[in-house]
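Trainee: I am new to this structure. Please help me read it.

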Amino acid sequence: MNTIDSLLRHNIRALTPYSSARDDFKGAARIRLDANENPYDREGLNRYPDPYQSVLKKRISAVKSVPAENTFLGNGSDEVIDLLIRAFCRPGIDKVLTFTPTYGMYKVSAAINDAEVIEVPLTADFQPDTDAAWKHMRDKNVKIAFLCSPNNPTGNLMDSARVMDLLQHFGGITVIDEAYIDFADAESWSQRLEEFPRLVVLQTLSKAYGLAGIRLGMAFASKEMIAVLNRIKPPYNVNALTQTEALNQLKDRGSMVKEVKNLVRERQKLSEILACLPIFTTIHPSDANFLLAISPRADEIYERLSAKGVLIRNRSSVLPGALRITVGTPEENDQLIAMLRNFKS
Ligand SMILES: Cc1ncc(COP(=O)(O)O)c(C=O)c1O
């Protein structure tokens, strides 16, 4: 069986990581003259932040029920996606597997790292086609498979039997991106890390927690995988302001839970109303905070809404007629509905 170590790029395995001043000394310092910082206090911001975010990880551990030592934090999950490809994919040789249409950054990060992307189309009901992926799963140069659940832009959860199929038969790293998991009625795969040593689960504070601006992504994985990510990350990849704000916001999850409830209710309302409008042929069921609507007039709808300053995402380049509509506040959704009602069939 492949281990994380055996899948790692040779240069990463041989890497001597940067050792920061904060790595060299742990304990209570009286006088800090080791990091070329400015000694004059600016509410602590004159100091470099904790490179391993230990206080924040403890809080996240309590919220997510994953041990802190199985947690890595990044400058958004986008940073983690890039770090994973860099750690495992030799430029020009190794490949990543995606199930399309899906979140665009897997492909972009792969291209930046010169890793070929194998795109296996999702089935008609937007599930990973593990039969079609089978021959790629056995290619030893396919190092990472990205699964997004709930998937962006289709909005649906991935069927757990198919996810299991991939986890059990793919010899590389399986990444399950759960950016939208808080809107879904499903347990996170982060609760099953012990069964799957090559599994990485991504989550983020950008969606349900409403903190896209602070850039905090989470990866949950085996300790060995966390050690790899810690070795290659920029030393202070999560800044002090982000660590403090995330900690404050995670103290009380009450408003997050309430907002998610509202958004799920609005998702249902929006979905039912849009399904009655003749300009749409399909409104796909969603486990996320957005809807995938299909219309033969997608481009026209997108243009006319944009002209009025109302932005939705035109995904017709990746899926014919597809518009991705984020669920907004009740007032925003009502305004959108009123505008869409004006489209005559
Ligand atoms: C599936 C998915 N993963 C990750 C991200 C990015 O998350 P972050 O803001 O943590 O970088 C997004 C953002 O749209 C997303 O849709």
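Trainee: At what angle do helix α5 and helix α9 pack?

Mentor: Two packed helices are described by the angle between their axes and the distance between the axes. In this predicted model, local features need pLDDT of at least 70, side-chain atom pairs count only at pLDDT 80 or more, and totals for chains, interfaces and linings use all residues. Residues are numbered from 1 along each chain as its sequence is written, and side-chain values use heavy atoms, without hydrogens and water. Helix α5 (residues 77-88) and helix α9 (residues 223-232) pack at about 95°, with axes 10 Å apart. That makes α5 roughly perpendicular to α9 (65 to 115 degrees).

Trainee: Which residues of α5 and α9 make the contact?

Mentor: Contact means heavy atoms within 4.5 Å. From α5 come V80, L83, L84, A87 and F88; from α9 come M225, V228, L229 and I232. By class, the contact has 9 nonpolar, no polar and no charged residues.

Trainee: Which residues of strand β5 lie on one side, and which on the other?

Mentor: In a regular strand the side chains alternate between the two faces of the sheet. In β5, I173, V175 and D177 are on one side, T174 and I176 on the other, and all are buried (under 20% relative accessible area, with a 1.4 Å probe and protein chains only).

Trainee: In which sense do β4 and β5 pair?

Mentor: Two strands pair if DSSP finds at least two bridges between them. Strand β4 (residues 142-148) and β5 pair in the parallel sense over 5 bridges. F146 stands opposite V175 in β5. On β5 and strand β6 (residues 199-204), 4 bridges join the two, which run parallel. There, D177 stands opposite L202 in β6.

Technical notes
Axes fitted to C-alpha atoms, helices over the stretch in contact; angles between N-to-C directions. Parallel < 35°, antiparallel > 145°, perpendicular 65-115°, else oblique. Nonpolar A, V, L, I, M, F, W, Y, C, P; charged D, E, K, R; others polar. Buried < 20%, exposed > 50% of the residue type's maximum accessible area, 1.4 Å probe, protein only.
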